[in-house]
Amino acid sequence: MSKTPPLSDEMFLVTADGSPDDPAAPTLSLRNSPVVLVTFAGNRLTREATRAYQAEFGIGVMDWRMLVMMTRSPGCSVAQAARLTGIDKAAVSRSLHRLESNGLAQSQASGGDERRKSWRLTPQGQNLHSQILPRALERQNALLQGFSEDEITQFTAYLQRFLGNIETSD
């Protein structure tokens with residue numbers, strides 16, 4: 001696969017008033033920088049999902065992500081969950097312990113080592129996952145309103161490629 005030429009920084013920059021003769025230093029555009037937009041979208045998605053899930057189900061979006069993680073990968077470790085979700089291990093660990101204290105998850109020491117635990121949902125956790133899933137799909141459908149199936153497929157492919165670039169950029 002051939003490499004594409006580097007992008008011009010100019011397409012991502014703006015000055016304070018937007019005019020080319022503005023004496024202010026250029027900075028990132030809040031409207032034309034995909035990285036800025038993805039960050040803003042992620043922050044807003046997290047904030048709104050936390051608000052909605054907290055009000056409706058008594059848990060935040062981080063705990064919802066861990067319910068999904070343990071449904072997809074029963075017996076996962078903190079390190080595995082952190083790697084797959086891109087969330088730091090400390091936040092994953094706090095969420096899993098919170099879920100455990102609420103009777104939604106349980107841990108088991110691997111090989112007798114308390115520092116190495118595998119995590120699973122309890123029946124109560126599985127039930128909560130089943131209750132939240134339709135609401136999560138409803139929220140997703142609302143956010144994707146106006147997009148065709150082809151556009152969603154393309155958008156998903158772009159985001160997967162973007163995430164792949166994050167993995168290889170450091």
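At what angle do helix 1 and helix 5 pack, and how far apart are their axes? The angle is about 140°, and the axes sit 12 Å apart. Keep in mind that this is a predicted model.

**Helix 1 with helix 5**

- Helix 1 covers residues 34-57 and helix 5 covers residues 123-143.
- Angles over 145 degrees would count as roughly antiparallel, and this pair comes in at about 140°. The two helices are therefore oblique to each other.
- If you're wondering about handedness, the crossing of helix 1 and helix 5 is right-handed.
- On the helix 1 side, the residues that touch are Leu45, Glu48, Ala49, Ala52, Tyr53, Glu56 and Phe57. Their partners in helix 5 are Leu128, Gln131, Ile132, Arg135, Ala136, Arg139 and Leu143.
- Sorted by class, this contact has 9 nonpolar, 1 polar and 4 charged residues.

**Helix 1 with helix 2**

- Here the axes come within 8 Å and cross at roughly 85°. That makes helix 1 roughly perpendicular to helix 2.
- Helix 1 brings Thr46, Ala49, Thr50 and Tyr53 to this meeting, while helix 2 brings Val61, Trp64 and Arg65.
- The class count for this contact is 4 nonpolar, 2 polar and 1 charged.
- Ala49 and Tyr53 turn up in the contact with helix 2, and both are also listed in the contact with helix 5.

**The nonpolar core**

- A bit of background: in soluble globular proteins, nonpolar side chains tend to be buried together.
- In this model, the largest nonpolar core has 27 residues.
- Which residues have the most contacts inside this core? They are Tyr53, Trp64, Met66, Leu67, Met70, Val92 and Ile132.
- Helix 1, helix 2 (61-72), helix 3 (78-85), helix 4 (89-101), strand 4 (113-121) and helix 5 each give two or more residues to the core.
- Helix 2 supplies the largest share, with 7 residues.
- Take Ile132 as an example. Setting aside neighbours within four places in sequence, Ile132 is in contact with Tyr53, Phe57, Ile59, Trp64 and Leu67.

**Single residues to look up**

- Ser95 is in helix 4. Is Ser95 buried or exposed? Its relative accessibility is 0%, so Ser95 counts as buried. Apart from neighbours within four places in sequence, Ser95 is in contact with Met62, Asp63 and Met66.
- Gln131 is in helix 5 and is partly exposed, with a relative accessible area of 41%. Gln131 and Phe57 are 74 residues apart in sequence, but their C-alpha atoms are 8.5 Å apart in space.
- Arg120 lies in strand 4, and it is partly exposed at 39% relative accessible area. Leaving out neighbours within four places in sequence, Arg120 is in contact with Met70, Pro74, Gly75, Leu104, Ala105 and Gln106.
- Arg120 and Val36 are 84 residues apart in sequence, and 35 Å apart from C-alpha to C-alpha.
- Glu149 is in helix 6, which covers residues 149-169. At 68% relative accessibility, Glu149 counts as exposed.
- Glu149 and Asn43 are 106 residues apart along the sequence and 25 Å apart in space, C-alpha to C-alpha.

How values were computed: Residues numbered from 1 in each chain as written. Predicted model: local features only at pLDDT ≥ 70, side-chain atom pairs only at ≥ 80, totals over all residues. Heavy atoms only, no water. Axes fitted to C-alpha atoms, helices over the stretch in contact; angles between N-to-C directions. Helix = DSSP H or I, 4+ residues; strand = E, 2+ residues; numbered from the N terminus. Parallel < 35°, antiparallel > 145°, perpendicular 65-115°, else oblique. Left-handed = near helix turned anticlockwise from the far one by under 90°. Contact = heavy atoms within 4.5 Å. Nonpolar A, V, L, I, M, F, W, Y, C, P; charged D, E, K, R; others polar. Core = buried A, V, L, I, M, F, W, Y, C linked by side-chain atoms within 4.5 Å. Buried < 20%, exposed > 50% of the residue type's maximum accessible area, 1.4 Å probe, protein only.
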